[in-house]
Amino acid sequence: MEPKKFEEAIQDQYWIDAMQEELNQFRRCNVWELVPKPRGHNIIGTKWIYRNKLDESGIIVKNKSRLVAKGYRQEEGIDFDQTFAPVARLEAIRIFLAYAAYQDFKVYQMDVKSAFLNGDLKEEVYVEQPSGFVDPLKPDFIYKLRKALYGLKQAPRAWYETLSTFLIENKFSRGKIDKTLFLRESKGKIILVQIYVDDIIFGSTENNLCKKFAKLMQGKFEMSSMGELKFFLGLQVRQTDDGLSIS
């Protein structure tokens, strides 16, 4: 069962391990630093969210704990400025799959682990220490964020800017109409990449380009899953030698 609050989660070792893994990820991504509480700054609260991750058959495959910021306490002009980030429309995904079927190439999927934690923050943002993991030697200290935390109003934008900048630096061009579509050509072959927040689908007329792209992404970001596209945004996708079907 998914716990509704921290007091329930702390009774189950699986959820304790999931929370610890989330904080380990924070350390690997250099998300924050513990500092004395500054005067005159808004301190944003934090909250644990618990979710069971399911596969396309509805079977639980992982317990996922996520520490989020209470973004509703942010003040515009102080804690954030711009928040808009492009998000792929479902129609764009269907067009992508239709083009893949037309060109007869496989579509693959990758999931960037804790994607928002890779987004660099431009603003000065402080959050409380998380429940159950307060430093006993510095209980009055708070965290100064270096990277975006889930729940922050500017988190999607920070992640999108980080990812799009990385792709453009690696010779991808961004779609003129759909800003979540990226394309790169190589010797007459193309690779297409479609972004939906932290989920990425990609395919190419030359399968070797897909392998190179996967290696490129793994060298920059930590991946939690990768493989042939089977389930995406509520769409069940089946790819066979006869073509591609969605349900």
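Buried means under 20% relative accessible area, exposed over 50%, and partly exposed in between, with a 1.4 Å probe and protein chains only. The model on this tour is predicted: local features need pLDDT of at least 70, side-chain atom pairs count only at pLDDT 80 or more, and totals for chains, interfaces and linings use all residues. Residues are numbered from 1 along each chain as its sequence is written, and side-chain values use heavy atoms, with hydrogens and water left out.

**Stop 1: an exposed loop residue**

Select Lys187, in the loop between strand E9 (181-186) and strand E10 (189-196). Strands (E, at least two residues) and helices (H or I, at least four) are DSSP runs, numbered from the N terminus. Lys187 has a relative accessible area of 85% and is therefore exposed. Its phi is near 55 degrees, a positive value in a residue other than glycine.

**Stop 2**

Proceed to Leu233, placed in the loop between strand E13 (231-232) and strand E14 (235-240). Leu233 also has a positive phi, near 50 degrees, and is not glycine. With a relative accessible area of 34%, Leu233 is partly exposed.

Now display E13, E14 and E15, three strands that form an open antiparallel sheet in the order E13-E14-E15. E13 and strand E15 (243-246) are the edge strands, each with a single partner strand, so one side of each has no neighbour in the sheet. Two strands pair if DSSP finds at least two bridges between them. E14 and E15 pair in the antiparallel sense over four bridges; select Arg238 to find its bridge partner Ser245 in E15.

Axes are lines fitted to C-alpha atoms, for helices over the stretch in contact, and angles run from 0 to 180 degrees between N-to-C directions.

**Stop 3: the mixed sheet**

Select E1, E7, E6 and E2, the four strands of an open sheet in the order E1-E7-E6-E2, with mixed pairing. Strand E1 (32-35) and strand E2 (43-44) stand at the edges with a single partner strand each, so one side of each is left without a neighbour in the sheet. E1 and E7 pair in the antiparallel sense over four bridges, and Trp32 has Leu145 in E7 as its bridge partner. Strand E6 (residues 126-127) and strand E7 (residues 142-145) are also antiparallel, over two bridges; here Tyr126 is partnered by Lys144 in E7.

**Stop 4: a buried serine**

Select Ser65 in strand E4 (residues 60-69). Its relative accessibility is 1%, so Ser65 counts as buried. Contact means heavy atoms within 4.5 Å. Apart from neighbours within four places in sequence, Ser65 is in contact with residues including Trp15, Met19, Glu22 and Trp48.

**Stop 5: two packed helices**

Finish with helix H4 (residues 155-169) and helix H5 (residues 207-220), which pack at an angle of about 130 degrees with their axes 12 Å apart. H4 and H5 are therefore oblique to each other: angles under 35 degrees count as roughly parallel, over 145 as roughly antiparallel, 65 to 115 as roughly perpendicular and the rest as oblique.

Which residues of H4 and H5 meet? Leu163, Phe166 and Leu167 in H4 meet Phe213, Leu216, Met217 and Lys220 in H5. By class, this contact of H4 with H5 has six nonpolar, no polar and one charged residues. Ala, Val, Leu, Ile, Met, Phe, Trp, Tyr, Cys and Pro count as nonpolar, Asp, Glu, Lys and Arg as charged, and the others, Gly among them, as polar.
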